[in-house]
Amino acid sequence: MTAELPPGLALQKVDERIMTLNVGPQHPGSGHMRIVVQIDGDYIVACDPDPGYVHRGEEKMAEYRNYITNIPHLERPVIHDSCNVLYPYVLGVEELLGIEVPERAKYVRVIASELNRCIYIMYWLAIYGIFLGHSTMFMWPAGDRELLIDLMEKMTGARVTHAHFVPGGVRNDLPPNFEDVCLRQVNYFEKRIKEYAAVFYDNPILISRTRDTGILSRQDAIRLGTTGSVLRASGVDYDLRKKEPYDVYDELDIHTNVMKEGDSYARSRIPWLDMIESCKIIKQALQKMPKSGSVRVKLKPNPKGKNETVYKRVESGRGSLGCYVVSDSKPEPYRVKLSVPSFRNLIALPYLLKGEKLGNMPSVYWSLNYWPVEADR
Amino acid sequence: MSVIAPNFKLSEFIKSLLDNAFWGVLLMVLVGIPAVMMVLFFIEMPVINGELLTPFLALTWLADPSRILPVVHAFMATDMFRVMAFPGFGFAALLAAGTIFVERKMLAKLQLRVGPFYCGKIEGILQLMGDGLKLISKEIIIPAKADKPLFWAAPVIFVGAAAAFVALIPVAPGWVVADVDLGLLGVFAVIGFFPIITILSAWSANSKFPFIGGIRALFQMVSFEIPLILSLLGVVILTGTLNLSEIAASQSSFPWIVFLPIGAIVFFITMLAELERIPFDLPEAESEIVAGWLTELSGMMYGLVQLGTYLKLYAFAALFVVLFLGGWNGPMIVPPFPAEILTDGIVMGPITAKIPGLPLFTQEMLNGTLWFVLKTVGVIFFILLPRGVFPRIRIDMLLNLGWTKLIGLAFVNIFIALGLLYAGVLGPGGLQ
């Protein structure tokens, strides 16, 4: 026996002052994951996020189903953001099959995608409230989210898992009178979320809890490969809807919200600003949408893809979400790979938590806009 | 909003009341009266005034006010009544139960939801009873590595300490369980005992999250005790006594909050911290350390700690009322007892019921209790309110607040009290 051990098996020196805490997987403040935290008194000296508890093999499952039957299960990783999760896959398959999408369907997709972004962010905001110990901040977003869920139910027939996007458009046309209802509800929703600023974001205790904690500098944010609201909170103007427009986003006027601080407060405020921006996008799309026309191209039964690969990405509620589809001229894809924003943002967690206080752990962790189920796929 | 609870309907409300009354009467007839009869049947009855006391006679006596009222009077004069029922445990537990109900419903209204609704049919009024039954019926699980005697004892001692706190509170003139001359010192002693129980429970659980929670509780309670005691010294300087009844009686014309608002504010904030209420609920911070020092407690052990917590909440609110809001003092709003009932009796058609021994409580006592309860409920409302508005604060911010700001303000309060005393505004020869 040699004394040399592989790095992972090397024995660690035990320090009497250091206590190891397993935050999760059965812990109210972890989600479906574990964070192994080592604390010295109230300070975190090391943090090791351990995802993988809800791995469901979505990518492997996609290899045994054809392009259409893949739709319902590929949206499972983030059911609250199901339209956006499905978006890159659908865009990729359309390119593989060589389909041109009708103009009206593109607008319907944009509306559904923005509504879904709001639904996801409201849920995220509710959990953020719980993590800060603010129960009203949980109840209000969870209640106002119902408005948009009802709207999506009217549009797609399902409350959460819509399976609405299909290669070639969307599954069903909008119901009659949808535009008026949507405009009314979105206007009310916009008014309502602006009230949140007074109650939550201007709350002095919330500001003192989150300001100057877990600061991610601009360089680090780029170096660690973070994306979405985390990247924009660190001062990088990066939004795929503007940088790589897909569908009809290039015809809409989109403003990207950027904050320079890079702390938890900025990371928690950017999604809220995104929601206000989403409301504006929805209103523009409702105005510019063709009033009639087909929303779906008729596909051949069991379509076969070209023998090539595509990579498409969209801006989801958490950041850029990519889908890599490899086709070998069969009805089933050879490989489907989801490149998820949650996992990229999680990489920043050990860097942010080092040296922080234990009380900051939940707020920093959840401000990373991380969804455990999506990271495990 | 898709799910809305049914609206309040008067007819259903009356129907539910009748339902409950029906079951009450049925249970009393089928179970209560036979049980009393059986007990009376097996007891060997004494001979009183030459006649044998039969069960029938005993029940007749129970219904005869001229015989039962003296017994009630005698019982109300005992210490047992004071400890168990009126100024003591029963009264406090009733107010604590009301507090939990109001907290749930008020928080629900604040958060645009309904709150407890179905249990008890009337606005979820029996929810607390359901919770209690659930906690009693649950299994008590003790960690294998726990120090069992201490772990068992801690919740019981916690309730005991809270009850000791309640015993020191004067509710109405003369109505206090323990009327001691050093009452305020007793209060300080009881408050100083809580962190010991907390750390005892947390350490004996031998688990990581309770340990961190216990240490946090220790930090918080010990560092907030100093401003708490200092903020009350102003009142002691002005009144010159530590007896809580005398402090309450001294505020017959002005409550001390008029002269010592800073002390009242400091005491209120420290009170929130001592009670571990939001925004100072760090020892039970859910998202960080599960449930803090309560993590390993299960079943009725948890229930006992909750009972103790709400008794403590009532006692702190009552202490605030006694020290700063004038205790039982207030305008006389209870009407005097009608004297003709004593002389003429109650005339109900052909029957005239003569009831000697009334009234059970004096007018002053009823009025004092009414004002005391009104003020206490008001203070409890303001203790509950921050829960809907604030997130939790961090331990370093908490300690910073306690050691730098609150202690300084408490000293300012003491100087104000001394100034008032030496300027002759208050104290002997002054306004009061």
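Visitor: Into which domains is chain B divided?
Guide: This is a predicted model, and the bounds given here come from an automatic or database domain assignment. On that basis chain B is divided into two stretches of sequence, namely domain 1 (55-81) and domain 2 (143-422).

Visitor: How many residues does each of these domains bring to the contact, and what separates their centres?
Guide: The contact takes 6 residues from domain 1 of chain B and 4 residues from domain 2 of chain B. By class, the side of domain 1 of chain B that touches domain 2 of chain B has 4 nonpolar, 2 polar and no charged residues. Taken over C-alpha atoms, the separation between the centres of the two domains is 34 Å.

Visitor: Which residues have the most contacts inside the largest nonpolar core, and which residues does B:Val166 touch?
Guide: The largest nonpolar core has 199 residues, and those with the most contacts inside it are B:Val166, B:Ile169, B:Leu311, B:Tyr314, B:Ala315, B:Ala317 and B:Phe320. If residues up to four places away in sequence are left out, the residues that B:Val166 touches are B:Gly88, B:Phe89, B:Ala92, B:Leu311, B:Tyr314 and B:Ala315.

Visitor: What percentage of chain B counts as buried, and how many helices and strands does chain B have?
Guide: A residue is buried here if 20 or more other C-beta atoms lie within 10 Å of its own, and of the 432 residues of chain B, 36% count as buried. In secondary structure, chain B has 16 helices and 4 strands.

Visitor: Why is chain A described as being as compact as a globular protein of its length?
Guide: The secondary structure of chain A comes to 15 helices and 8 strands. For 377 residues the globule rule gives 21 Å, and chain A is as compact as a globular protein of that length because its radius of gyration is close to that value, at 22 Å.

Visitor: Where in chain A does the largest share of the side that touches chain B come from?
Guide: In this contact, 29 residues of chain A meet 26 residues of chain B. Strand S1 (18-23), helix H4 (103-131), helix H5 (135-156), helix H7 (204-210) and helix H14 (361-367) of chain A each supply at least two residues of the side that touches chain B. By class, that side of chain A has 13 nonpolar, 11 polar and 5 charged residues. The largest share, 7 residues, comes from H5(A).

Terms used: Residues are numbered from 1 along each chain as its sequence is written. Chains are lettered from A and ligands numbered from 1 in the order in which they are written. This is a predicted model: local features need pLDDT of at least 70, side-chain atom pairs count only at pLDDT 80 or more; totals for chains, interfaces and linings use all residues. A residue is buried if 20 or more other C-beta atoms lie within 10 Å of its own, exposed if 12 or fewer, and partly exposed in between; C-beta atoms are placed from the backbone. The radius of gyration is taken over C-alpha atoms; the globule rule is 2.2 Å times the number of residues to the power 0.38. Two residues are in contact if their C-beta atoms, placed from the backbone, lie within 7 Å. Ala, Val, Leu, Ile, Met, Phe, Trp, Tyr, Cys and Pro count as nonpolar, Asp, Glu, Lys and Arg as charged, and the others, Gly among them, as polar. A nonpolar core is a set of buried Ala, Val, Leu, Ile, Met, Phe, Trp, Tyr and Cys residues joined through C-beta atoms within 7 Å.
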